[in-house]
Amino acid sequence: MLIDVHVHLLPPRRLAGLLKWIHRYYAPHPVPVDVTLDHLIGDYAKVGADSLFNFAYPIEPQETEELILFNADLRRRHPWIIPWGSLHLENPGKARIVERCIRDHDFLGFKFHPFVQRFDPLDPRMSEAYQALQDARRPCVFHTGFEEFYGLSLPVSTLEHVVHSFPRLPVVFAHSLFPEFAQAWRMLERYDTVWLEMTNVIGALWDERYRIRKFEDQRQVLLEGINAWSDRIMFGSDHPAGMGTLEEIYRTLDGLRLAETVKENLLGETARRFVERFKPGFISSLPPSTRP
Ligand SMILES: [Zn+2]
């Protein structure tokens, strides 16, 4: 089972914006600035993916509707894609947005990026969205970690407050608080509503092109935790903004030579169980002909 749990398939304007932004940070980024949506979907056929989680979040409040409709249309055309909704702090009627995405458009949950979307997860205006997700028993992904890259800070205590205040809200820590992995393991230990994912984490520690040398001593902490907790850990690429081409990203993970069960959990088994928990029968009901 291969499920990429962190992908950004976006409408043309936002896709171009994302690629331009990445090329500004890292000029030799191997995905071209003018890559098309169809090309990216084709990349998943090449690696033989069963499914993917697609994230499209608004940077401005007026984008929310367009992105929801884009993701809903993508899901209709490619039923193996699992869309995630999002909304902006300034959008009114957050509970209704959540309900519509889940009930009418078949989205799995919601993804928030407090840095790019410029909001405090503890802003009281966000509670309505968390409450609606908790009521629907649907998960919420937060961007966590890579604080230096964004020049912003999101302390684990902030996220822990959300987890603690919404005890039945399933929460995924994207990027596993990079590089504060010991804190991430502590969250898994303390809360059974928390999951982690390793998007860009492996590349930032092992891929020569993207490696952040000063965090090298975190490699051992990371490997020990992955081995211990792989049934709560998923793996995503951040394609097309990840650390390499889609194939290269999976090759970097391969290079770690993880035990077979641990690797299977990261590549798709944990994600499969995660999806089954919230949408029973979804993965098994995908008609094989629609898979890439
Ligand atoms: Zn991302």
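**Reading the core, the zinc site and the pocket**

Q: Which residues have the most contacts inside the largest nonpolar core?
A: In soluble globular proteins, nonpolar side chains tend to be buried together. This is a predicted model. Its largest nonpolar core has 105 residues, and F53, F112, F173, W185 and I226 have the most contacts inside it. Helix α12 (residues 260–278) gives the most to this core, with seven residues.

Q: What is F173 in contact with, leaving aside its neighbours within four places in sequence?
A: The list includes F142, V156, L159, M187 and W195. T144 and E197 are also among the contacts of F173.

Q: Which residues coordinate the zinc ion?
A: Look for the donor atoms. Here they come from H6 (NE2), H8 (NE2) and D238 (OD), at 2.1 to 2.2 Å. Along the sequence, the spacing of these donor residues reads H-x1-H-x229-D. H6 sits in strand β1 (residues 3–7) and D238 in the loop between β8 (233–234) and α11 (246–254), so the pair ties together parts 232 residues apart in sequence.

Q: Are H6 and D238 buried or exposed?
A: Both H6 and D238 are buried.

Q: How much space lies in the largest pocket?
A: Rolling a probe the size of a water molecule over the atoms shows where empty space is left. The largest pocket holds about 960 Å³ of space. Of its 44 lining residues, W21, F146, F149, Y150 and N200 are the closest to its centre.

Q: Which helix gives the most to the lining of the largest pocket?
A: That is α1, with seven residues. Both α1 (12–25) and α6 (147–150) supply at least two residues each. By class, the lining has 25 nonpolar, eleven polar and eight charged residues.

Note on methods. Residues are numbered from 1 along each chain as its sequence is written. This is a predicted model: local features need pLDDT of at least 70, side-chain atom pairs count only at pLDDT 80 or more; totals for chains, interfaces and linings use all residues. Side-chain values use heavy atoms; hydrogens and water are left out. Donors are N, O and S atoms within 2.8 Å of the metal (3.2 Å for Na, K and Ca); water is not among the atoms, so sites may look incomplete. Helices (H or I, at least four residues) and strands (E, at least two) are DSSP runs, numbered from the N terminus. Buried means under 20% relative accessible area, exposed over 50%, partly exposed in between (1.4 Å probe, protein chains only). A nonpolar core is a set of buried Ala, Val, Leu, Ile, Met, Phe, Trp, Tyr and Cys residues joined through side-chain atoms within 4.5 Å. Contact means heavy atoms within 4.5 Å. On a 1 Å grid over the protein atoms alone, a cavity is a set of points where a 1.4 Å probe fits but cannot get out, and a pocket is an open set with protein on both sides within 12 Å along at least five of seven lines; lining residues have an atom within 4 Å of a point. Grid points are joined across faces, edges and corners, and a volume is the space filled by probe spheres set on the points. Ala, Val, Leu, Ile, Met, Phe, Trp, Tyr, Cys and Pro count as nonpolar, Asp, Glu, Lys and Arg as charged, and the others, Gly among them, as polar.
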